[in-house]
Amino acid sequence: MNKTITGAMILICLLAALTGCAKGEPENSLTVFNYGLYIDESVLSQFEDETGIRIKYEEAPTPEELYTKYKSGAIKYDVLCTSEYMLQRLINEGELKEIDFSDMQNVSDIGEEYWEFTRSFDPENKYVMPYFWGTVGLLYDKTKVHGDISSWDVIFNGEYAGDFIMPNSMRDAYATALKYLGYSLNTTDEGELREAQELLLSQKKDVSAYLVDEARDEVIAGNAAMAVVYSGEAYYAYEENHDFAYCLPEEGTNLWIDCWGVTRHCENVENAKKFLDFLCREDIAWANYEEVKYASPVKSVMARMSEEGLASDAINPSPEKLAKCEVFIQLPEETTDLLSSLWKELKAQ
Amino acid sequence: MNKRSLLAGPYILWITGFTVIPLCIIIKYAFTSRDGGFTAENILAMFTPVHLKAMTFSTLAAVICTLICILLSYPLVMAIRRLGLRGGSFSVFILILPMWVNFILRLLAWQMILSNNGILSMILERLRLPAWDISNSKTAIIIGLVYDYLPYMVLSLHNSIDEIEDDLIEAARDLGANGLRIFFRIILPLSVPGLLSGIVMVFVPSMTSFVTANVLGGGKQQLIGNVIEEEFMVTMNWNLGSGLSVILMVFVLISMTFTARNDDPGSESKVW
Amino acid sequence: MVDRFKNFICRSYIAVIMFFLYAPILVLIVSSFNASRSRVIWGGFTLRWYVDVFSSRSIMEALYTTLAIAFLSSLIATLIGVTGAIGISAMRLRNYKIVMAFTNIPMLNADIVTGISLMLWFVKFMPLGFSSILLSHVTFNIPYIILSVMPKLQTLNVSIYEAAMDLGANRVYAFFRIVLPELTEGIIAGFIMAFTISMDDFVVTYFTKGAGVNTLSTMIYGELRKGIRPELYALSTLIFAAALIVLIIVNIFTERKPEKSSGRL
């Protein structure tokens, strides 16, 4: 009988060892972390073919989820792409490595104004590389709305009850309400936040759904007349069908920039730099633009942009409209906690 | 100690390593505050309005889902029996087949059916019936849950009803019992073991699922599973998430002890 | 007449439930032939997705991972579970009850709790990846094996085993010739159950998977937000068809068997 036991044990150990070895870690790899729908996935395999570096690609839908997944430490990401206020937080926490951009050939194609933009949270331009930028606004189906859409009013006055989609992303959702009320979207005033909460709570019964990446497809599919989306989503929909339009509400909205950074876990910084530089190469930057339809900081992409694109608020908003927009900054911890608990209350309602 | 019971060694090692230790870890997290001190706050957090609301909705959804599954399954199993489709694995076969299509895809198909501009509303429109707006609602979630777990209920009821001897029913009929009486006096009592295991297999997952509510609820409806998932994946409060998980686990275990069959190994078969 | 009416009612009821169970699958199958990527617009008939699916590296990798995990985890779980069940059944009643209570934990526990607790544990000593998914699948598969083998063990006719021993067979020989054949049915049922559950699992995998490793479930969940690639509809139609064929074959097999073996009881 003892023989049977040892036999069984050996077999189990063997099997465990076998399955462990069968999937050995490839030496030369790069773990990339990005938002969903935010890259042309074929460029990843192109990068692998050109450099022999294997890419492990992971996604998260919102900045908060991206941050949590990164911080949990379950996966050691090498490079990640997220929004300005999250990058600010990561820089402050010492999570990002300094990068020397000077020897990266294609990176020089990024317009100076975008480096200027990122200096607000990365004063010496040594941590992050701009990737795409845009705004938050209303995507709507012209055949389903009446009158002009020019204000956040349409999603708060009940006119389109059950027919619009709100963002399932905490800061974006509160940004719409705060802007509608005429407050800063970076407010730390509890009274203002609670007022926004009241507004969102009373709005909830009219909301068709809270979505992030799916919102665009729901509007295209005709399941909702309008949705709060990022600008690129709106331009994508517009290119699918010219019945769709994008509005930057007159009360102002959020202006954002998403950038790549190299994390402190990254062991092979050269590989990471190769990847970032690759993303700025003319053909690759264009392929990514074609896939996601956000405004690119890469000059060669904007040079190839169609007239239509340059005329659109989604790609190229006018300076007057941009002047009303506000960039998120990382909120102090007690405000973040308050916001999280309000958001939870809203979702559970 | 019987020598043969040593054979359980690898298994006991395994459950210690991968069931008991992880449970201890989650309990440890549950009783720790974010700065590392001991606290019962994460456990008590279940009784705040936000969490109670999600918990009540989850319990309600699970109870409704279980009841609907029971009500749909009995007639189905009886019909299969009546038509003599039993014995062979035909009925089982037809029930588990859909389970081979990934359940998230099946939920997605439901979303396509139920959405505002979906297949159901198209059909209703063709038939000139009034629109039934259930996309992203509680009803949609319950339809999804029933769809997910109905096969488990049917299978476990089928297993126990299939074993009932025809002679028993014949005898009852000869003694003058009508169909209803046969059902309530013979079939129902004899199917209790299957019913109980069916309840466990339907109630537990429907109470705790978060995918169904994510896909069919449009982010508007939150089950307790969604709240826990958000604590872990979005707000990054693992301690609170663990606290809620522990309460959920205790709640499920308590409600299941009422239904769990007392599993006693008959004494004469104890040699093996 | 009344009987025929009742039969008609029964048939209609079964048909309604079957429609409920198969309607979403029908939708998926139809979608797999839709030339348009849109979920609502019919863009004409195409077989393109059935060709494309085989050239998509990410889908093929996810399929491979799913099948490898399902097969290996069921196999390991079967080995541990069967020996475990034999061991447990030889225990004293009190120990038996304790171990069986622990066996029930992964089944009674919410998937989300199982997944999270395993993740919290794994991050302490190993990188997440293929092996962490495998370990967690084995963990939730073992109870299914034990619970389907245990009843067979309990009804096992001990006297045959003892007779074999009396006739000079050693324990190992007696085990393989007498006990194992009796358990086969339970083992196969448990294995199939474990395989199916592992294939369909999402929640536990979602929490324990590592970078760049996807099973079909986690891949589909990720794509849900972005719009599912129609290739995945094609793949699931193929899996469905394969399962249908396998089950028909198995069905023909098992339909015959009871006639042969029914005398044994």
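Which residues have the most contacts inside the largest nonpolar core?

The model is predicted: local features need pLDDT of at least 70, side-chain atom pairs count only at pLDDT 80 or more, and totals for chains, interfaces and linings use all residues. Residues are numbered from 1 along each chain as its sequence is written, and chains are lettered from A and ligands numbered from 1 in the order in which they are written.

**Figure 1. The largest nonpolar core and Ile104(B).** The residues with the most contacts inside this core of 253 residues are Val79(A), Leu139(A), Met226(A), Ala227(A) and Ile104(B). A nonpolar core is a set of buried Ala, Val, Leu, Ile, Met, Phe, Trp, Tyr and Cys residues joined through C-beta atoms within 7 Å. A residue is buried if 20 or more other C-beta atoms lie within 10 Å of its own, exposed if 12 or fewer, and partly exposed in between, with C-beta atoms placed from the backbone. Helix α7(B) gives the most to the core, with 15 residues. Helices (H or I, at least four residues) and strands (E, at least two) are DSSP runs, numbered from the N terminus. Leaving aside residues up to four places away in sequence, Ile104(B) touches Val211(B) as well as Phe202(C), Ser217(C), Ile220(C), Tyr221(C) and Leu224(C). Contact between two residues requires that their C-beta atoms, placed from the backbone, lie within 7 Å.

**Figure 2. The contact between chains B and C.** Here 72 residues of chain B are in contact with 70 residues of chain C. At least two residues of the side of chain B that touches chain C come from each of α1 (9-30), α3 (49-82), α4 (90-96), α5 (103-114), α10 (192-208), α11 (211-216), α12 (224-233) and α13 (238-257) of chain B. The most is given by α1(B), with 15 residues. By class, this side of chain B comprises 54 nonpolar, 13 polar and 5 charged residues. Ala, Val, Leu, Ile, Met, Phe, Trp, Tyr, Cys and Pro count as nonpolar, Asp, Glu, Lys and Arg as charged, and the others, Gly among them, as polar.

**Figure 3. The crossing of α5(B) and α1(C).** The axes of α5(B) and helix α1 (residues 2-32) of chain C come within 8 Å and cross at roughly 90°. Axes are lines fitted to C-alpha atoms, for helices over the stretch in contact, and angles run from 0 to 180 degrees between N-to-C directions. The two helices, α5(B) and α1(C), are therefore roughly perpendicular to each other, a class that covers 65 to 115 degrees. From α5(B), Leu105(B), Arg106(B), Ala109(B), Trp110(B), Met112(B) and Ile113(B) meet Ala23(C), Pro24(C), Ile25(C), Val27(C) and Leu28(C) in α1(C). The residues of this contact divide into 10 nonpolar, no polar and 1 charged.

**Figure 4. The buried helix α12(B).** Mostly covered, α12(B) has 10 of its 10 residues buried. Among them are Ile224(B), Val227(B), Ile228(B), Phe232(B) and Met233(B), together with Glu229(B), Glu230(B) and Glu231(B). The buried residues of α12(B) pack against α3 (63-71) of chain A, against α3, α10, α11 and α13 of chain B, and against α5 (111-125) of chain C.

Figure 5. Most residues other than glycine have a negative phi. Asn125(A) lies in the loop between α5 (112-118) and β4 (128-141) of chain A and is partly exposed, with 15 other C-beta atoms within 10 Å. The loop between α6 (119-126) and α7 (138-162) of chain B holds Arg128(B), which is exposed, with 6 other C-beta atoms within 10 Å.

Figure 6. With 16 C-beta neighbours inside 10 Å, Thr39(B) counts as partly exposed. Not counting residues up to four places away in sequence, Thr39(B) touches Phe31(B), Thr32(B) and Ser33(B). The C-alpha atoms of Thr39(B) and Asn239(B) are separated by 9.9 Å, and these residues are 200 residues apart along the chain.

Key. Parallel < 35°, antiparallel > 145°, perpendicular 65-115°, else oblique.
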